[in-house]
Amino acid sequence: MKNGNAQLPMLDVTMLKFATTRVLAVALSGFLNFIPLNFTSFAISLPQPWESSDFLELPVGFNSVHTLSDRTGLVEPSQTARLVVTSYNIHSCEGLDLRVRCDRIAAILSRTHADVIGLQEVRAGQEEQIARILGFHVLFARADHVGGYEFGNAILSRFPIRRSDVYPLGVPHHEQRVCLHAEIAWPGDAGTVHVFSAHLGQNEKERRQQAEWLASNSILENASFHNAPRILLGDFNEKSRNGIVNQSLASYQCATGRSWTAFLPIVYLDRVYISSDLKFHDFHIYRSGRALIASDHAPITAVLLKTTDTH
């Protein structure tokens, strides 16, 4: 997930993340002693306004980030005119309570009513457990071995997956990264949508190179993908909302909000990028009590429309 600092060596950043997670876990344990057992109903419900930004061009009526807390779900189930996408760094399904629970992650994802989900920090096999609970199609791409596990990105889809590709984004002497691509049937018609799940590095120089690769003719600008809308989901490990990643992806519209840490949100690491043939209809950060502890990130969800749709 990684609130990385370009000036810190990788080991120091990893230790910082570990220490932060453990401090939050201790704080959470103390907090739980003072609240009722039905903690899953606890939520932060205050909306967080968008900050002005050159790279965020929001349509009329879409001028705020909604922090969702109701227990009935994020949006109504998808209709054929729109696509609901979620990006979630699941931290290997290990929560701030130090419990590894795929079922908890799946329960959170079900409340977003997402049609397509991009996951990061997935241990191999976890994506299958989550997909089985949701009844989704699933892809996994191994990036590296971490803590004795194969570790990478996943894409889950309510709709059939027609093809897939894996693009290495690894830089020498750093944790290896990948971008996973899926061509997915657009609901309700014969078209498709190209979905990418990426997880960029902690070091600024590393991220710059990875962002340039993403924006190249080899990945997002591959001529074979220009026949359909493109959606890039992921944890981009960039604290600045208008930094090097957005500069490289300047032709894509971006939606983001404070998603890390889930328990105490301070930075905008998780993002949704869309090509010009799509538009944002709505955007949410899901913060139920369960989501506050299930991972160190909160899931972000965008409702997307094709630009030809006027409704």
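Predicted model: local features only at pLDDT ≥ 70, side-chain atom pairs only at ≥ 80, totals over all residues.
Local features were taken only at pLDDT of at least 70 and side-chain atom pairs only at pLDDT 80 or more, while totals for chains, interfaces and linings use all residues. Residues are numbered from 1 along each chain as its sequence is written, and side-chain values use heavy atoms, with hydrogens and water left out.

Helices and strands here are DSSP runs (H or I, at least four residues, for helices; E, at least two, for strands), numbered from the N terminus. Spanning residues 149–157, β6 is mostly covered, with seven of its nine residues buried. Buried stands for under 20% relative accessible area, exposed for over 50%, and partly exposed for anything in between (1.4 Å probe, protein chains only). Two strands count as paired if DSSP finds at least two bridges between them. On that basis β6 pairs with β4 (residues 116–123) in the antiparallel sense over six bridges, and R123 stands opposite F151 in β6. Strand β5 (residues 137–146) also runs antiparallel to β6, joined to it by nine bridges; here V138 sits opposite L156. The β5–β6 hairpin has two residues between its strands, and G147 takes a positive phi near 60° in it.

Next comes helix α4, residues 204–214, whose buried residues are E206, R207, Q210, A211 and L214. These cover an arc of only 130° around the axis, so they end up on the same side of α4; the arc is that of the directions from the helix axis to the C-beta atoms. Their cover includes β8 (178–185), β9 (192–199), β10 (230–235) and α5 (244–248), with contact meaning heavy atoms within 4.5 Å.

With a salt bridge taken as a side-chain nitrogen of Lys or Arg within 4 Å of a carboxyl oxygen of Asp or Glu, the count comes to ten. One of them joins D165 and R163 at 2.7 Å, N to O, and R163 is partly exposed at 33% relative accessibility. Within α4, R208 and E204 form another at 3.8 Å; they are four residues apart, which means about one helical turn between them. R208 is partly exposed at 37%, as is E204 at 35%.

The pair E238 and R207 also meets in a salt bridge, at 3.8 Å, N to O. This one links distant parts of the chain, 31 residues apart, with E238 in the loop between β10 and α5 and R207 in helix α4. E238 is buried at 4% relative accessibility, and R207 is buried at 7%. Together with R271, these two belong to a network of salt bridges.

D235, in strand β10, is another story. It is buried yet has no salt bridge, the nearest side chain of opposite charge being R177 at 6.2 Å (Lys and Arg count as positive and Asp and Glu as negative; His and the chain ends are not counted). The D235 side chain does reach the backbone nitrogen of N237, at 3.0 Å.

Methods. Polar contact = N/O pair within 3.5 Å; in protein donor to acceptor, adjacent residues only side chain to side chain.
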